[in-house]
Amino acid sequence: TMSAKDKISEAQQTSLMASAVEASKANERPDQPEVATALAKAPQPSSKKVAKGGKPRIDCVDGCRFALVMPIVIAHFARFSTKNRALLKLLTQENVLVGGFFVISGYVSGYVATKVGERKAEEKKLAQPELFFWSRVMAYYPLHFLVSTIFAPMFVMVERWYKTHWSTTAFRAFLNYSLLQAWFPKEAEIWNQPTWFLSALTFSNLTMPTLVLPRVAELSKAGLRKLFCGLTAVSVLQKISYSETSRFHSREIATTKPMYPLLWNLTRFHPFWALIEMTMGIAAARDVMLDGEGECRTKPTNPLFYFLASYASLALRLTSLDFNDAIIRSTLFVPLFTKFLTALHRDCLSESPAAITRFFGSPVMSRLGALAFPMFILHGPIGQVFYKKAIAKRLWGKAMPRSFFPVYLLIVLACSHLMNEHFVKSKRVQGLSARVAQFLAKRTEGMLQDREL
C-alpha cells in the first residue's frame, strides 16, 4: 500500500499534468502540435526528443504553413500585381494550395490526439469530446470574431452601396459569425472570403473526437494506407464529376469567371471534402507514428523531392496539361504534399536531418509560420481596402497601381505580426478562450456522445 506521502505526491503529479494539458490547449493554434513537456527545438535523435508524458515537437510544420499561406495571399489579389497572363495563371492557384492546410490540420490532430507506437487514441484528450471540439474552435474563433467586427462597417457599407436588402445583409452576418457559410455555395465568399476555410474546418473538428480520431487510431499501417487511397479515390471522383459538367482544363481561368459557379463552390468549399482531406492527414500522421524499429533505423527519404514535386504540379497550368484546380489538387498536390509531410516528420526525428528539414524548422521559419493564421484572416479585408473597386474608388480615387502590390504584402505581414503578438499570443485572450470553451462544453455535454442528454 502507498503511504500518505506517496498519495499526496501522486495527486500533485496528476494535478500538474492536467494543468499542463489545459495550458497547452489554451495556447494551441488550429494546426500547431500540442506538447506537454519542454523539448529541445533543434533536430535531435528521437531517443533524446521523446519525454515521458509528451511527444517530440515537429517544429518544421510551422514553416510549412508559411509556405502555403504566402502564395495564397498573393493569389487572391494577383491580378493587381501583373498583366502577364502566364504569370497570372501560375499565381492564381489558391484553390489548390488550400488543400495543404486541411491536410496539415488533420496531420496535427492525429499526432496530438493518438498514441505513438500504439493503435490507440489518447483517451484523456478525447474523454470529453465536447471540450475537445470547443477548445479547437476557440483556438481560431477569437481572431475571426475580432477581424470580422473591425471590418464589419466596411462589409455592410459595401452591401448598402450595392443596394443589398437588409435581410440579406443580416443573413450574411449570421453566416459569418456562426461559421456556416461553407454550407451555402451562393454565400460562401461573403465578407471575408478566405474564412470559408474556418467554416469547413469547424465541421471537420466536430467529427474528430468521436467519429474520426478513435476509428483511424485503431487501424494498422495496411489499413491506414488503404484508407488514404480510398479517400483519395472518392475525392478525385467528385472532382472528375465537376469537371465533366464544367471543364477539365483551366483555359484562361485566371482571367475569366468559372462555369457553373455554384457547382464550383460546392466542389472547393463544401465541408465534406474538407473532412476527407483532414482525414487523409490523420492517416498519414498515424502511418509515421506506427513506424517500427526497423523503419526508424532506415534512412528517411529526403523531403525535398516531395516538396518540389508538389509545388511543381502548379506549373502544369503553363502546359497543355493545364487541368483545372480541382483535378490538380486531388490527384497531385494533396497526395504529394502529404508525402512531403510524412518524409519531413521522419527526417526531423533522424540523427542527421536534411537541409530542407532544418530550414523549415529554423527559428526564422517558425516565426513566419506563426504568422500564417493571422495572415490568412487579415489579407482579405486589407486587400479589399486597396483593391475592391467600390471601396478603393471612394478612398483613393481608384484601385492601387501594380507598383503598390509589394507594399500591400508588407502591410499584411506587419498587421499579422502585431495581431499575433498582441492578440493571438495574449494570455488574457487565451484564458478567456479556454473559459468560453469550458462553458460551451458544459452547456453541450453529451452532444457528441451516445448517451442521454
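**Entry 1: the charged network.** I started with the charged side chains and found Lys221, Arg225, Asp287, Asp291 and Arg346 linked in a network of salt bridges. My rule for a salt bridge is a side-chain nitrogen of Lys or Arg within 4 Å of a carboxyl oxygen of Asp or Glu. A reminder to myself: side chains of opposite charge can pair when their charged atoms come close.

Before going on, I noted that this is a predicted model, where local features need pLDDT of at least 70, side-chain atom pairs count only at pLDDT 80 or more, and totals for chains, interfaces and linings use all residues. Residues are numbered from 1 along each chain as its sequence is written, and side-chain values use heavy atoms, with hydrogens and water left out.

**Entry 2: Asp291 and its partners.** I looked up Lys221 with Asp291 and got a salt bridge at 2.7 Å, N to O. Lys221 is in helix H10 (residues 221-245) and Asp291 is in the loop between helix H12 (271-289) and helix H13 (293-297), so this pair ties together parts 70 residues apart in sequence. Helices here are DSSP runs of H or I with at least four residues, strands are E runs of at least two, and both are numbered from the N terminus.

Asp291 also forms a salt bridge with Arg346, and the closest N and O atoms are 2.7 Å apart. Arg346 sits in helix H15 (residues 325-348), so that pair ties together parts 55 residues apart in sequence.

Buried or exposed? I checked Asp291, and it is buried at a relative accessible area of 15%. Lys221 is buried too, at 16%, while Arg346 is partly exposed at 26%. The cut-offs are under 20% relative accessible area for buried, over 50% for exposed and partly exposed in between, with a 1.4 Å probe and protein chains only.

**Entry 3: another pair.** I then looked at Arg268 and Glu189, whose side chains meet in a salt bridge at 3.1 Å, N to O. Arg268 is in helix H11 (residues 261-269) and Glu189 is in the loop between helix H8 (166-178) and helix H9 (196-217), 79 residues apart. Arg268 counts as buried at 12% relative accessibility, whereas Glu189 counts as partly exposed at 37%.

**Entry 4: Phe307.** I moved on to Phe307 in helix H14 (residues 303-312). Phe307 is buried, with a relative accessible area of 17%. What does Phe307 touch, leaving aside its neighbours within four places in sequence? I found Phe340, Ile356 and Phe360, with contact meaning heavy atoms within 4.5 Å.

**Entry 5: H3 against H17.** Helix H3 (residues 60-76) and helix H17 (residues 363-370) pack at about 55°, with axes 7 Å apart. The contact uses Asp62, Gly63, Arg65 and Phe66 from H3, and Met365, Ser366, Leu368, Gly369 and Ala370 from H17. Axes are lines fitted to C-alpha atoms, for helices over the stretch in contact, and angles run from 0 to 180 degrees between N-to-C directions.

**Entry 6: the whole chain.** I finished with the totals: 21 helices and zero strands. Buried residues make up 53% of the 453 residues.
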